[in-house]
Amino acid sequence: MGALIGRIARSEESDLPSANGCALGPYYIRGVLQGAVRKGYAVEDILKAAQIDTNVYTDQTARLDGEQFQRLVLTTRAAMNDEYMGFLDIQGKLEMGHIIGRASLKCQTLGHAIRKMTNLVNAIRNDVEIKILTNRSDGTVSIVHHVTGLSADADEHLFYWLTFYWAHKFKCWLIGQPIKLVDAHFTSSRPPNAIDYDQAFNCPVHFDSTDNRVTFHLHYMDAPIVRTEVEFFEGSFLRDPADWFKVSGTSQSFSGRVEQLVIDFYREGAQTPSLDILADILCCSPRTLSRKLARENETFQRIKDKVRCQIARKLLVETEMSIADIADRLRFSEPSDFTRAFSSWMGRNPSCYRIDTRAQSLETQAL
(Lines give C-alpha, C1' and ligand atoms only; values in the text may rest on other atoms or scores of the structure.)
Protein backbone atom coordinates (compact mmCIF):
# COMPACT_ATOMS: atom_id res chain seq x y z
CA MET A 1 0.00 0.00 0.00
CA GLY A 2 2.96 2.30 0.57
CA ALA A 3 3.79 2.08 -3.13
CA LEU A 4 0.26 3.10 -3.98
CA ILE A 5 0.38 6.08 -1.64
CA GLY A 6 3.65 7.20 -3.21
CA ARG A 7 1.97 7.52 -6.61
CA ILE A 8 -0.41 10.20 -5.44
CA ALA A 9 0.99 13.39 -6.93
CA ARG A 10 0.57 16.87 -5.58
CA SER A 11 -2.33 18.91 -6.93
CA GLU A 12 -1.72 22.38 -8.23
CA GLU A 13 -2.70 24.21 -11.37
CA SER A 14 -0.40 26.08 -13.70
CA ASP A 15 -0.47 27.51 -17.17
CA LEU A 16 2.07 26.34 -19.72
CA PRO A 17 2.83 29.36 -21.86
CA SER A 18 2.09 32.60 -20.16
CA ALA A 19 0.13 33.70 -23.21
CA ASN A 20 -3.10 34.83 -21.64
CA GLY A 21 -4.92 37.16 -24.00
CA CYS A 22 -2.87 35.94 -26.95
CA ALA A 23 -4.94 36.50 -30.10
CA LEU A 24 -4.32 34.44 -33.23
CA GLY A 25 -4.99 36.32 -36.45
CA PRO A 26 -5.52 35.45 -40.14
CA TYR A 27 -2.08 33.87 -40.60
CA TYR A 28 -2.93 31.17 -38.04
CA ILE A 29 -6.64 30.83 -38.90
CA ARG A 30 -6.08 30.38 -42.62
CA GLY A 31 -2.92 28.38 -41.97
CA VAL A 32 -4.72 25.68 -39.97
CA LEU A 33 -7.32 25.39 -42.72
CA GLN A 34 -4.96 25.48 -45.71
CA GLY A 35 -4.72 21.69 -45.98
CA ALA A 36 -8.49 21.27 -45.78
CA VAL A 37 -8.95 23.88 -48.51
CA ARG A 38 -6.36 22.19 -50.71
CA LYS A 39 -8.15 18.86 -50.36
CA GLY A 40 -11.60 20.28 -51.12
CA TYR A 41 -13.18 20.43 -47.66
CA ALA A 42 -15.79 23.12 -47.03
CA VAL A 43 -14.25 25.71 -44.69
CA GLU A 44 -17.68 26.94 -43.63
CA ASP A 45 -18.67 23.47 -42.42
CA ILE A 46 -15.50 23.10 -40.37
CA LEU A 47 -15.90 26.52 -38.78
CA LYS A 48 -19.56 25.86 -37.96
CA ALA A 49 -18.66 22.52 -36.38
CA ALA A 50 -16.01 24.34 -34.33
CA GLN A 51 -18.65 26.90 -33.24
CA ILE A 52 -16.69 29.75 -34.84
CA ASP A 53 -18.09 32.55 -36.99
CA THR A 54 -17.54 31.57 -40.63
CA ASN A 55 -16.49 35.13 -41.49
CA VAL A 56 -13.15 34.70 -39.70
CA TYR A 57 -11.70 32.95 -42.76
CA THR A 58 -12.01 36.04 -44.96
CA ASP A 59 -11.92 38.82 -42.36
CA GLN A 60 -8.37 40.22 -42.17
CA THR A 61 -9.09 41.68 -38.74
CA ALA A 62 -10.44 38.42 -37.26
CA ARG A 63 -8.86 37.03 -34.12
CA LEU A 64 -9.32 33.76 -32.22
CA ASP A 65 -8.61 33.21 -28.54
CA GLY A 66 -6.97 30.04 -27.21
CA GLU A 67 -10.21 28.12 -26.74
CA GLN A 68 -11.50 28.93 -30.23
CA PHE A 69 -8.19 28.03 -31.81
CA GLN A 70 -8.02 24.66 -30.06
CA ARG A 71 -11.56 23.88 -31.24
CA LEU A 72 -10.52 24.80 -34.78
CA VAL A 73 -7.49 22.50 -34.67
CA LEU A 74 -9.45 19.57 -33.22
CA THR A 75 -12.38 20.01 -35.60
CA THR A 76 -10.11 20.24 -38.65
CA ARG A 77 -8.22 17.10 -37.63
CA ALA A 78 -11.49 15.23 -37.10
CA ALA A 79 -13.06 16.40 -40.36
CA MET A 80 -10.01 15.29 -42.36
CA ASN A 81 -9.20 12.24 -40.22
CA ASP A 82 -5.64 13.50 -40.42
CA GLU A 83 -3.23 14.20 -37.56
CA TYR A 84 -1.31 16.49 -39.91
CA MET A 85 -4.35 18.41 -41.24
CA GLY A 86 -3.16 18.11 -44.83
CA PHE A 87 0.27 19.66 -44.22
CA LEU A 88 1.89 16.42 -45.42
CA ASP A 89 1.28 14.62 -48.71
CA ILE A 90 0.56 11.37 -46.87
CA GLN A 91 -2.37 11.36 -44.44
CA GLY A 92 -1.76 10.51 -40.81
CA LYS A 93 -5.00 8.88 -39.70
CA LEU A 94 -6.21 9.73 -36.22
CA GLU A 95 -6.07 6.06 -35.25
CA MET A 96 -2.30 6.26 -35.70
CA GLY A 97 -2.19 8.94 -33.02
CA HIS A 98 -4.47 6.89 -30.79
CA ILE A 99 -2.17 3.87 -31.07
CA ILE A 100 0.90 5.97 -30.27
CA GLY A 101 -0.89 7.67 -27.38
CA ARG A 102 -2.02 4.36 -25.88
CA ALA A 103 1.53 3.03 -26.17
CA SER A 104 2.86 5.98 -24.16
CA LEU A 105 0.44 5.20 -21.32
CA LYS A 106 1.98 1.75 -20.88
CA CYS A 107 5.31 3.39 -20.00
CA GLN A 108 6.51 4.14 -16.49
CA THR A 109 8.35 7.43 -17.17
CA LEU A 110 8.23 10.31 -19.63
CA GLY A 111 11.61 9.32 -21.05
CA HIS A 112 10.36 5.82 -21.77
CA ALA A 113 7.18 7.25 -23.33
CA ILE A 114 9.07 9.69 -25.56
CA ARG A 115 11.37 6.93 -26.81
CA LYS A 116 8.40 4.64 -27.44
CA MET A 117 6.45 7.31 -29.34
CA THR A 118 9.54 8.34 -31.33
CA ASN A 119 10.27 4.76 -32.37
CA LEU A 120 6.66 4.24 -33.47
CA VAL A 121 6.51 7.43 -35.56
CA ASN A 122 9.86 6.68 -37.20
CA ALA A 123 8.71 3.12 -37.96
CA ILE A 124 5.35 4.18 -39.40
CA ARG A 125 6.35 7.27 -41.38
CA ASN A 126 8.99 7.55 -44.09
CA ASP A 127 8.52 11.32 -44.35
CA VAL A 128 8.90 12.16 -40.66
CA GLU A 129 12.08 11.67 -38.65
CA ILE A 130 12.33 12.40 -34.93
CA LYS A 131 15.57 12.31 -32.97
CA ILE A 132 16.20 12.46 -29.23
CA LEU A 133 19.50 14.18 -28.47
CA THR A 134 20.74 14.03 -24.88
CA ASN A 135 23.37 16.47 -23.65
CA ARG A 136 24.69 15.16 -20.34
CA SER A 137 27.10 18.07 -19.94
CA ASP A 138 24.34 20.67 -19.53
CA GLY A 139 21.62 18.24 -18.41
CA THR A 140 19.24 18.81 -21.32
CA VAL A 141 17.44 16.75 -23.94
CA SER A 142 16.32 17.98 -27.37
CA ILE A 143 13.51 16.57 -29.54
CA VAL A 144 14.44 17.24 -33.18
CA HIS A 145 11.95 16.93 -36.06
CA HIS A 146 12.77 16.67 -39.76
CA VAL A 147 10.00 16.35 -42.34
CA THR A 148 10.43 15.68 -46.05
CA GLY A 149 6.83 15.16 -47.13
CA LEU A 150 5.32 18.64 -46.87
CA SER A 151 2.51 19.27 -49.33
CA ALA A 152 2.99 21.85 -52.06
CA ASP A 153 2.51 25.40 -50.70
CA ALA A 154 2.23 24.10 -47.11
CA ASP A 155 3.59 26.56 -44.55
CA GLU A 156 6.62 24.80 -43.06
CA HIS A 157 6.86 27.05 -40.00
CA LEU A 158 3.19 26.63 -39.14
CA PHE A 159 3.50 22.86 -39.42
CA TYR A 160 6.45 22.70 -37.01
CA TRP A 161 4.87 25.16 -34.58
CA LEU A 162 1.60 23.22 -34.44
CA THR A 163 3.47 19.91 -34.11
CA PHE A 164 5.83 21.10 -31.37
CA TYR A 165 3.15 22.84 -29.38
CA TRP A 166 0.67 19.96 -29.55
CA ALA A 167 3.35 17.39 -28.67
CA HIS A 168 4.55 19.52 -25.77
CA LYS A 169 1.03 19.85 -24.37
CA PHE A 170 0.65 16.06 -24.56
CA LYS A 171 3.93 15.43 -22.72
CA CYS A 172 2.87 17.84 -19.97
CA TRP A 173 -0.49 16.05 -19.74
CA LEU A 174 1.19 12.65 -19.46
CA ILE A 175 3.17 13.64 -16.36
CA GLY A 176 0.59 16.09 -14.99
CA GLN A 177 2.91 19.06 -14.75
CA PRO A 178 4.21 21.85 -16.99
CA ILE A 179 7.56 21.11 -18.64
CA LYS A 180 9.71 24.25 -18.65
CA LEU A 181 11.44 24.52 -22.02
CA VAL A 182 15.03 25.74 -22.28
CA ASP A 183 14.54 26.99 -25.85
CA ALA A 184 12.86 26.26 -29.18
CA HIS A 185 14.35 26.47 -32.69
CA PHE A 186 12.80 26.81 -36.15
CA THR A 187 14.59 26.64 -39.51
CA SER A 188 12.11 29.13 -40.96
CA SER A 189 12.22 32.88 -40.62
CA ARG A 190 9.91 34.56 -38.14
CA PRO A 191 6.48 34.85 -39.82
CA PRO A 192 4.90 38.28 -40.32
CA ASN A 193 2.28 39.41 -37.81
CA ALA A 194 3.38 36.58 -35.52
CA ILE A 195 2.38 36.06 -31.93
CA ASP A 196 5.01 36.55 -29.25
CA TYR A 197 6.67 33.14 -29.50
CA ASP A 198 8.93 33.66 -26.49
CA GLN A 199 5.80 34.25 -24.43
CA ALA A 200 3.88 31.38 -26.04
CA PHE A 201 6.62 28.81 -25.40
CA ASN A 202 7.70 30.53 -22.18
CA CYS A 203 11.33 30.31 -23.32
CA PRO A 204 13.70 31.91 -25.89
CA VAL A 205 12.60 31.03 -29.45
CA HIS A 206 15.09 31.19 -32.33
CA PHE A 207 14.37 31.41 -36.05
CA ASP A 208 16.59 30.71 -39.11
CA SER A 209 18.16 27.85 -37.14
CA THR A 210 19.88 24.75 -38.49
CA ASP A 211 17.11 22.43 -37.29
CA ASN A 212 13.65 22.34 -35.74
CA ARG A 213 13.75 21.34 -32.08
CA VAL A 214 12.63 21.99 -28.53
CA THR A 215 14.90 21.48 -25.54
CA PHE A 216 14.09 20.85 -21.88
CA HIS A 217 15.90 19.72 -18.75
CA LEU A 218 16.82 16.05 -18.53
CA HIS A 219 15.24 15.50 -15.12
CA TYR A 220 11.76 15.58 -16.69
CA MET A 221 12.58 12.31 -18.45
CA ASP A 222 12.37 10.54 -15.08
CA ALA A 223 8.93 11.96 -14.28
CA PRO A 224 6.32 9.19 -13.87
CA ILE A 225 3.38 8.82 -16.24
CA VAL A 226 0.32 9.65 -14.12
CA ARG A 227 -2.49 9.47 -16.69
CA THR A 228 -4.69 6.42 -17.15
CA GLU A 229 -6.04 4.67 -20.22
CA VAL A 230 -9.51 5.51 -18.97
CA GLU A 231 -8.67 9.23 -19.14
CA PHE A 232 -7.15 8.82 -22.60
CA PHE A 233 -10.13 6.96 -24.03
CA GLU A 234 -12.49 9.55 -22.59
CA GLY A 235 -10.57 12.35 -24.33
CA SER A 236 -9.27 14.10 -21.21
CA PHE A 237 -6.23 15.45 -23.07
CA LEU A 238 -8.37 16.94 -25.84
CA ARG A 239 -10.62 18.97 -23.56
CA ASP A 240 -8.72 19.59 -20.32
CA PRO A 241 -7.85 22.34 -20.57
CA ALA A 242 -9.79 23.54 -23.58
CA ASP A 243 -7.41 26.46 -24.20
CA TRP A 244 -4.58 26.00 -26.74
CA PHE A 245 -2.24 28.08 -24.58
CA LYS A 246 -2.73 26.13 -21.36
CA VAL A 247 -2.03 22.71 -19.91
CA SER A 248 -3.32 21.21 -16.72
CA GLY A 249 -0.77 21.51 -13.96
CA THR A 250 -2.52 18.97 -11.80
CA SER A 251 -1.13 15.47 -11.78
CA GLN A 252 -4.71 14.24 -12.01
CA SER A 253 -8.19 15.24 -11.05
CA PHE A 254 -9.31 13.75 -7.73
CA SER A 255 -11.41 11.19 -9.58
CA GLY A 256 -8.42 10.47 -11.81
CA ARG A 257 -6.29 9.68 -8.78
CA VAL A 258 -8.98 7.36 -7.46
CA GLU A 259 -9.15 5.66 -10.87
CA GLN A 260 -5.40 5.13 -10.87
CA LEU A 261 -5.51 3.60 -7.40
CA VAL A 262 -8.28 1.20 -8.43
CA ILE A 263 -6.28 0.23 -11.53
CA ASP A 264 -3.19 -0.35 -9.39
CA PHE A 265 -5.11 -2.64 -7.04
CA TYR A 266 -6.28 -4.78 -9.96
CA ARG A 267 -2.83 -4.83 -11.57
CA GLU A 268 -1.25 -6.00 -8.34
CA GLY A 269 -3.83 -8.76 -7.92
CA ALA A 270 -5.29 -7.25 -4.77
CA GLN A 271 -8.90 -7.33 -3.71
CA THR A 272 -11.17 -4.63 -5.07
CA PRO A 273 -10.49 -1.63 -2.82
CA SER A 274 -13.34 -0.41 -0.67
CA LEU A 275 -14.27 3.22 -0.18
CA ASP A 276 -12.79 3.02 3.32
CA ILE A 277 -9.44 1.73 2.06
CA LEU A 278 -9.14 4.41 -0.61
CA ALA A 279 -10.14 7.12 1.85
CA ASP A 280 -7.38 5.90 4.18
CA ILE A 281 -4.81 6.03 1.36
CA LEU A 282 -5.94 9.52 0.38
CA CYS A 283 -5.85 10.68 4.02
CA CYS A 284 -9.50 11.63 4.24
CA SER A 285 -12.74 10.18 5.51
CA PRO A 286 -15.02 8.08 3.26
CA ARG A 287 -17.56 10.88 3.46
CA THR A 288 -15.01 13.47 2.29
CA LEU A 289 -13.90 11.17 -0.53
CA SER A 290 -17.48 10.79 -1.74
CA ARG A 291 -18.04 14.53 -1.49
CA LYS A 292 -14.91 15.34 -3.50
CA LEU A 293 -15.92 12.86 -6.20
CA ALA A 294 -19.39 14.39 -6.31
CA ARG A 295 -17.86 17.82 -6.98
CA GLU A 296 -16.40 16.29 -10.15
CA ASN A 297 -19.76 14.68 -11.02
CA GLU A 298 -18.35 11.25 -10.27
CA THR A 299 -19.04 8.36 -7.88
CA PHE A 300 -16.88 5.56 -6.57
CA GLN A 301 -19.15 2.94 -8.15
CA ARG A 302 -18.94 4.55 -11.60
CA ILE A 303 -15.15 4.69 -11.33
CA LYS A 304 -14.99 1.00 -10.43
CA ASP A 305 -17.29 0.18 -13.34
CA LYS A 306 -15.21 2.24 -15.81
CA VAL A 307 -11.97 0.60 -14.71
CA ARG A 308 -13.44 -2.91 -14.72
CA CYS A 309 -14.98 -2.33 -18.16
CA GLN A 310 -11.73 -1.03 -19.63
CA ILE A 311 -9.68 -3.92 -18.23
CA ALA A 312 -12.30 -6.45 -19.34
CA ARG A 313 -12.35 -5.09 -22.90
CA LYS A 314 -8.59 -5.26 -23.07
CA LEU A 315 -8.42 -8.84 -21.77
CA LEU A 316 -11.21 -10.02 -24.06
CA VAL A 317 -9.53 -8.65 -27.19
CA GLU A 318 -5.83 -9.09 -26.42
CA THR A 319 -5.76 -12.38 -24.50
CA GLU A 320 -7.25 -15.87 -24.62
CA MET A 321 -8.36 -15.75 -20.99
CA SER A 322 -11.68 -17.46 -20.37
CA ILE A 323 -14.72 -15.49 -19.26
CA ALA A 324 -14.48 -17.20 -15.88
CA ASP A 325 -10.82 -16.19 -15.45
CA ILE A 326 -11.54 -12.58 -16.42
CA ALA A 327 -14.43 -12.51 -13.96
CA ASP A 328 -12.09 -13.81 -11.24
CA ARG A 329 -9.39 -11.29 -12.21
CA LEU A 330 -11.90 -8.47 -11.78
CA ARG A 331 -13.09 -9.91 -8.45
CA PHE A 332 -16.64 -10.84 -9.49
CA SER A 333 -18.18 -13.51 -7.28
CA GLU A 334 -19.50 -15.50 -10.26
CA PRO A 335 -18.88 -15.42 -14.05
CA SER A 336 -22.59 -14.77 -14.49
CA ASP A 337 -22.24 -11.57 -12.41
CA PHE A 338 -19.47 -10.41 -14.72
CA THR A 339 -21.51 -11.26 -17.82
CA ARG A 340 -24.48 -9.26 -16.56
CA ALA A 341 -22.30 -6.28 -15.65
CA PHE A 342 -20.39 -6.31 -18.95
CA SER A 343 -23.63 -6.55 -20.93
CA SER A 344 -24.97 -3.49 -19.13
CA TRP A 345 -21.73 -1.58 -19.89
CA MET A 346 -21.31 -2.50 -23.56
CA GLY A 347 -24.73 -3.70 -24.71
CA ARG A 348 -23.25 -7.12 -25.59
CA ASN A 349 -22.17 -10.09 -23.54
CA PRO A 350 -18.39 -10.71 -23.23
CA SER A 351 -18.29 -13.55 -25.77
CA CYS A 352 -20.08 -11.55 -28.47
CA TYR A 353 -17.90 -8.52 -27.76
CA ARG A 354 -14.74 -10.63 -28.19
CA ILE A 355 -15.92 -12.15 -31.48
CA ASP A 356 -17.23 -8.88 -32.97
CA THR A 357 -14.22 -6.77 -31.99
CA ARG A 358 -11.70 -9.26 -33.31
CA ALA A 359 -13.64 -9.57 -36.58
CA GLN A 360 -13.65 -5.78 -36.99
CA SER A 361 -9.91 -5.70 -36.33
CA LEU A 362 -9.28 -8.30 -39.05
CA GLU A 363 -11.42 -6.33 -41.51
CA THR A 364 -9.47 -3.16 -40.75
CA GLN A 365 -6.14 -4.92 -41.27
CA ALA A 366 -7.34 -6.26 -44.61
CA LEU A 367 -8.14 -2.78 -45.95
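# Why do we call it that?

Trainee: Helix α6 passes α7 in a right-handed crossing. What makes a crossing right-handed or left-handed?

Mentor: Look at how the near helix is turned from the far one: anticlockwise by less than a right angle is left-handed, clockwise is right-handed. Before we go on, this is a predicted model, so local features need pLDDT of at least 70, side-chain atom pairs count only at pLDDT 80 or more, and totals for chains, interfaces and linings use all residues. Residues are numbered from 1 along each chain as its sequence is written, and side-chain values use heavy atoms, with hydrogens and water left out.

Trainee: What about α5 and α6: how do they run relative to each other?

Mentor: The axes of α5 (residues 94-105) and α6 come within 8 Å and cross at roughly 150°. That is over 145, so the pair is roughly antiparallel. This crossing is right-handed too.

Trainee: And how do you know that α2 and α4 are roughly parallel?

Mentor: Their axes come within 10 Å and cross at roughly 5°. That falls under 35 degrees, so α2 and α4 are roughly parallel to each other. In this pair, Tyr-28, Ile-29, Val-32, Leu-33, Gly-35 and Ala-36 of α2 meet Phe-69, Leu-72, Val-73, Thr-76 and Met-80 of α4. The residues divide into nine nonpolar, two polar and no charged.

Trainee: What makes Thr-76 count as buried or exposed?

Mentor: Buried means under 20% relative accessible area, exposed over 50%, and partly exposed in between (1.4 Å probe, protein chains only). Thr-76 sits at 0%, so it is buried. It is found in helix α4 (residues 66-80). Leaving aside neighbours within four places in sequence, Thr-76 is in contact with Val-32, Leu-33, Ala-36, Ile-46 and Met-85.

Trainee: How do you class Lys-39, Arg-331 and Asp-153, then?

Mentor: Lys-39 has 44%, which lies in between, so it is partly exposed. Arg-331 is partly exposed as well, at 28%. Asp-153 has 77%, over the 50% mark, so it is exposed. Asp-153 also has a phi near 70°, a positive value in a residue other than glycine. Its place is the loop between β2 (140-147) and α7.

Trainee: What makes a stretch a helix or a strand?

Mentor: They are DSSP runs numbered from the N terminus: H or I, at least four residues, for a helix, and E, at least two, for a strand. Take α10 (residues 236-239), which holds Ser-236. Ser-236 is buried, at 9% relative accessible area.

Trainee: Last one: what is a nonpolar core?

Mentor: It is a set of buried Ala, Val, Leu, Ile, Met, Phe, Trp, Tyr and Cys residues joined through side-chain atoms within 4.5 Å. The largest one here has 75 residues, and those with the most contacts inside it are Phe-69, Trp-161, Leu-162 and Phe-201. Helix α7 (residues 156-175) gives the most to this core, with 13 residues. A second, separate core of 31 residues includes Val-230, Phe-265, Phe-300 and Phe-338. In soluble globular proteins, nonpolar side chains tend to be buried together.

How values were computed
Axes are lines fitted to C-alpha atoms, for helices over the stretch in contact, and angles run from 0 to 180 degrees between N-to-C directions. Angles under 35 degrees count as roughly parallel, over 145 as roughly antiparallel, 65 to 115 as roughly perpendicular and the rest as oblique. Contact means heavy atoms within 4.5 Å. Ala, Val, Leu, Ile, Met, Phe, Trp, Tyr, Cys and Pro count as nonpolar, Asp, Glu, Lys and Arg as charged, and the others, Gly among them, as polar.
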